[in-house]
Amino acid sequence: MRLIRAGAMVLDGQVRRPAWLEISGGRISACGSGPPPRPADRAFPDCTVVPGFVDMHVHGGGGASYTDAGGVADAAAFHLRYGTTTTLASLVTASPAELIAGVRVLAAATRQGVIAGVHLEGPWLSRARCGAHDPDRMRDPDPAEIDAVLAAGGGTIRMVTLAPELPGAQAAIRRFCDAGVAVAVGHTNATYEQTELAIAAGATVGTHLFNAMRPLHHREPGPALALLAAPQVTVELIADGVHLHPDVIRAVIHAAGADRVALVTDAMAAAGRGDGTFRLGEVTVEVVANVARVQGTSTIAGSTATMDQLFRAVAGLAGLPAAVQMTAATPARALGLPGVGGLRPGHDADLVVLDDGLRVVDVMRQGRWRDA
């Protein structure tokens, strides 16, 4: 057994100063506040320890992409450096053959423990709200294709984003829910009423709220308000200073509560690589001043953010416990992932050590320090 103590820890959602935790076999065996029961193996007297981050929507990072078979481990390792211990790898809109091939690669990576599962962002999206997806490859949900995708995933697909206004969407939502897949409403031109029907059919997530969806209007409120009004729905927010105004983030947290908000990076391969030209699936993306846009347009194309960046931004808006909730506990619950998202006995020993500026000092995943 190993024991860690720190000046502060967020244990089971509460800040404890000082605090300690004990690790055995890759899991937390005990934790508490005050002096530890024995001398610590590692001490961080001036740091705060928080649960490892859970990113439920990310396409790549460090120059690597989850759409490339050779880049999966590199992308996951890049984000681990910044505290993401649990990753749901996201695929973009692709042809049927490319989609199946991508799912199979990520299914294998899931079984190997590199990632926690697969997120399909497309191809069943609205061409009117395509964002950085290729509209020529978007299509309506087809039962045969859905069955083939689920078979290729072999139980590793955790979430799918779709537009509920498409023909066949209601049946698709029910099929995915029956397979244990969380359904997210996103890249959609749906009305308020169409979104309500999707939620009634089983949709439980809103993909990057406000972005790539019909805007909120006082007479035609659209999908955002329907998602916020449903207590069973978790809403994703990209708190990178580009996708949303800080006061919008603050208002959503106030309205929905931190237990219904999941911070996501939506990061692409450009994260951590500076400015330049990159690809998101088949779409060329230009990054200028760390903002990714579809080449030749003003359309935002994912982000270059890491989860620690989002954590700092929201901790300043809503406080440390809320930031922990939105980067760990809420996404873990939304995906039905057991044993992650909090520091408590029985959970995986996934944690992030932060300095007094909330910057990453060290990261542990399943009981192993990142560089061990």
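Let's start with aspartate 308, which is buried, with a relative accessible area of 5%. Here, buried means under 20% relative accessible area, exposed means over 50%, and partly exposed is anything in between, using a 1.4 Å probe and protein chains only. This is a predicted model, so local features need pLDDT of at least 70 and side-chain atom pairs count only at pLDDT 80 or more, while totals for chains, interfaces and linings use all residues. Residues are numbered from 1 along each chain as its sequence is written, and side-chain values use heavy atoms, with hydrogens and water left out.

Aspartate 308 pairs up with arginine 312 in a salt bridge, with 3.0 Å between the closest N and O atoms. For that label, a side-chain nitrogen of Lys or Arg has to be within 4 Å of a carboxyl oxygen of Asp or Glu. The two residues are about one helical turn apart because they sit four residues from each other in helix α8 (residues 307-318). Helices here are DSSP runs of H or I with at least four residues, strands are runs of E with at least two, and both are numbered from the N terminus. Arginine 312 counts as partly exposed, at 21% relative accessibility.

## Other salt bridges

How many salt bridges does a search of the whole structure find? It turns up twelve. Side chains of opposite charge can pair when their charged atoms come close. Aspartate 147 and arginine 175 do this at 2.8 Å, N to O. That pair links distant parts of the chain, with aspartate 147 in helix α3 and arginine 175 in helix α4 (residues 169-178), 28 residues apart. Both are partly exposed: aspartate 147 has 36% relative accessibility and arginine 175 has 35%.

Within it, arginine 38 and aspartate 41 have their closest N and O atoms 3.7 Å apart. Arginine 38 is partly exposed at 30%, and so is aspartate 41 at 45%.

## Around Asp266

UniProt lists Asp266 under "active site", in an unreviewed entry. UniProt positions follow the numbering used here, feature names are shortened, and annotations may be inferred rather than shown by experiment. Is aspartate 266 buried or exposed? It counts as buried, at 5% relative accessibility. You'll find aspartate 266 in the loop between β15 (261-263) and β16 (276-280). Setting aside neighbours within four places in sequence, its contacts (heavy atoms within 4.5 Å) include His57, His59, Glu121 and His208.

Threonine 265 lies in that loop between β15 and β16 too, and it is buried at 0% relative accessibility. Its side chain makes a polar contact of 2.6 Å with the side chain of aspartate 55. A polar contact is a pair of N or O atoms within 3.5 Å; within protein, one must be able to donate a hydrogen and the other to accept it, and residues adjacent in sequence count only if both atoms are side-chain atoms.

## Two domains

The chain splits into domain 1 (2-50 + 344-370) and domain 2 (53-335), with bounds that come from an automatic or database domain assignment. Their contact takes 16 residues from domain 1 and 16 residues from domain 2, and their C-alpha centres lie 29 Å apart. About 1,400 Å² is buried between them, 70% of it from carbon and sulfur atoms. Buried area is the accessible area (1.4 Å probe) that two parts lose on being put together, summed over both. Leu358, Arg365 and Arg370 supply 38% of the area that domain 1 buries against domain 2, more than any other three residues.

On the side of domain 1 that touches domain 2, β20 gives the most, with four residues.

Most residues other than glycine have a negative phi, and most peptide bonds are trans. Leucine 358, in the loop between β19 and β20, has a positive phi of about 60°, and it is buried at 18%. Phenylalanine 210 has a positive phi as well, of about 80°, and is partly exposed at 27%.

Two peptide bonds are cis: arginine 17 to proline 18, with omega near -15°, and glycine 122 to proline 123, with omega about 15°.
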